[in-house]
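Trainee: Let us go through this model together. I will ask, and you answer from the coordinates.

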There are 2 protein chains.
Amino acid sequence: MSKKATSPNKELSTELKILEAARAVFHARGIDGATMQEIADVAGINKAMLHYYFRSKDKLFEVVFHETIMKVIPQVVEVFFQDMPFDEKIRRFVERYIDILQANPAMPAFVLHELNQRPERLVAFIGSASNIPNISGRFFEQVHQAVKDGLIKPVTPEQFFVSVLGMCVFPFIAKPILTALMGRSDEEYQLFLQERKVHLAEFILDALRPLPKTKPK
Amino acid sequence: MSKKATSPNKELSTELKILEAARAVFHARGIDGATMQEIADVAGINKAMLHYYFRSKDKLFEVVFHETIMKVIPQVVEVFFQDMPFDEKIRRFVERYIDILQANPAMPAFVLHELNQRPERLVAFIGSASNIPNISGRFFEQVHQAVKDGLIKPVTPEQFFVSVLGMCVFPFIAKPILTALMGRSDEEYQLFLQERKVHLAEFILDALRPLPKTKPK
DNA sequence: TTGCCTATTAACCATTTGGTTAAACTTTTT
DNA sequence: AAAAAGTTTAACCAAATGGTTAATAGGCAA
């Protein structure tokens, strides 16, 4: 947070150790389930250091929460600012999103839970990084345009948006149930997610396919 | 839990008051965020009563958790044991599921969170109500059959299953984000969910529509 | 009424938890 | 080298929390 690094590598190391430990523990247990002691233990340092670098549990959480979201959002959004055919965009988006989530499997459950607990965090967050409202607008626009161009059949952009996100995210928040219901091991579930990238893109594009009238592409 | 009711209505009333309060508080805050004191306050009784009727916080939680799931599952499953055309089944299922969730909006986030925290609960749960594994099997079967009958295009039943659940559930776990992104008030969001029932069913059926003999893609 | 059982409460207890402090240790500055 | 500034630790503290207990109130049977 604030320091006049004497030997930058070592000091930064401590702060980073804390952040990494805090991320792991907060993601796994949530802010309520996490304790400062456990974070300190995972970081391998004294508990007082947490308060030395970050004033309080809430402050530390805030930093982790912010970092977590900011690490993901730009990657996901990026696809929608690139110039490519609509169907390619869908394919890339799904693949990218699932890739990111596979690399951070605990993230969606963490973010969604904490946001449900205190939705105020969202407004506080949007205030600091004001590019979030635009991304959905961008998405809506492009769907709307694709409909206009006859590339896809008419759909309500908002409904479609929620559907796409839901289909991508759900396997990660519901993993315990789904592995049980499908009788799959962890490794098999990874495979399932791998296959899902292509399956989902095709599923979505099929759902959007314009009715047998004009047939562009 | 256990009592020899003298005046049955009053005693039952107390136990029910506890259960209702516990449900509300657990659903809202999760087991970690909830405190016995708050539950007692909401129920309007002394904290010791919680331990008198249910031995511990964990036991009380277990009861609430079990009740919560058992209240929903049968309703949802029912559709898939009725005899009707596949597309009608999809429509009914989506409508029914979203209806139930609208009546218990906090439920999915609650269940998913607690299941992510301690997946052991699932096995403990399945042990007591052993009809759960069958429902997904039933679903898979029926999708498989529909494919065979040429009613729908070939899809992996598991992938399809996850997609349908995800699209139904996601709007409820991600409500704070979605209302923000879509700039909707609570009432407007209710409307969105209302419309979603029909939109989603059509979306799904479109995605499943078997291709005509014309060259695919 | 009297005794018995259940229900209910206030007070209490041990542990955990977030947070503080003062002293010790290390690094930088002069 | 000595002072100053920054870093780390052990010990400590107050509040909150899950849980217990002993005493009280209240219905019911004899």
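Trainee: Which residue just after α10(A) takes a positive phi?

Mentor: First, the ground rules. This is a predicted model, in which local features need pLDDT of at least 70, side-chain atom pairs count only at pLDDT 80 or more, and totals for chains, interfaces and linings use all residues. Residues are numbered from 1 along each chain as its sequence is written, while chains are lettered from A and ligands numbered from 1 in the order in which they are written. Just after α10(A), a positive phi of about 60° is taken by G183(A).

Trainee: Which residues of α10(A) are buried, and where do they lie on the helix?

Mentor: Buried means 20 or more other C-beta atoms within 10 Å of the residue's own; 12 or fewer is exposed, in between is partly exposed, and C-beta atoms are placed from the backbone. Helix α10(A) spans residues 175-182, and its buried residues are K175(A), L178(A) and L181(A). Seen down the axis, they fall within an arc of 135° (taken over the directions from the helix axis to the C-beta atoms). They therefore line one face of the helix.

Trainee: Which residues are buried in α2(A), and what arc do they cover?

Mentor: Helix α2(A) covers residues 36-43, with I39(A), A40(A) and A43(A) buried. Those residues sit on the same side of α2(A), because the arc they cover around the axis is only 100°.

Trainee: Which residue follows α2(A) with a positive phi?

Mentor: Look just after α2(A). The phi there is about 70°. The residue is G44(A).

Trainee: How many helices does chain A have?

Mentor: Helices are DSSP runs of H or I with at least four residues, strands are E runs of at least two, and both are numbered from the N terminus. Along the sequence, chain A reads α-α-α-α-α-α-α-α-α-α-α. It has zero strands, and its helices number eleven.

Trainee: What share of chain A counts as buried?

Mentor: Chain A has 217 residues. The share of them that counts as buried is 31%.

Trainee: How many residues of α6(A) are buried?

Mentor: Helix α6(A) runs over residues 107-117. Its buried residues include M107(A), F110(A), H113(A) and E114(A). The helix is largely enclosed by the rest of the structure, because the buried count is ten of the eleven residues.

Trainee: At what angle do α6(A) and α9(A) cross, and what does that make them?

Mentor: Helix α9(A) spans residues 157-173, and its axis comes within 8 Å of that of α6(A). Axes are lines fitted to C-alpha atoms, for helices over the stretch in contact, and angles run from 0 to 180 degrees between N-to-C directions. The crossing is at roughly 100°. Under 35 degrees counts as roughly parallel, over 145 as roughly antiparallel, 65 to 115 as roughly perpendicular and the rest as oblique, so α6(A) and α9(A) are roughly perpendicular.

Trainee: Which residues of α9(A) meet α6(A)?

Mentor: Two residues are in contact if their C-beta atoms, placed from the backbone, lie within 7 Å. From α6(A) come P108(A), A109(A) and L112(A). The α9(A) partners are V169(A), F172(A) and I173(A).

Trainee: How far apart in space are H144(A) and A109(A)?

Mentor: H144(A) lies in helix α8(A), residues 132-148. H144(A) is partly exposed, with 14 other C-beta atoms within 10 Å. H144(A) and A109(A) are 35 residues apart in sequence; C-alpha to C-alpha, the distance is 30 Å.

Trainee: Now chain B. How are α4(B) and α5(B) oriented to each other?

Mentor: Helices α4(B) (57-78) and α5(B) (86-103) have axes 9 Å apart. The contact uses V72(B), Q75(B) and V76(B) of α4(B) and R96(B), Y97(B) and I100(B) of α5(B). Their packing angle is about 160°. The two helices are therefore roughly antiparallel.

Trainee: Which element of chain B gives the most to the side that touches chain A?

Mentor: In the interface, 39 residues of chain B are in contact with 39 of chain A. Elements giving two or more residues on the chain B side include α1(B), α6(B) and α11(B). With eleven residues, the one that gives the most is α9(B).
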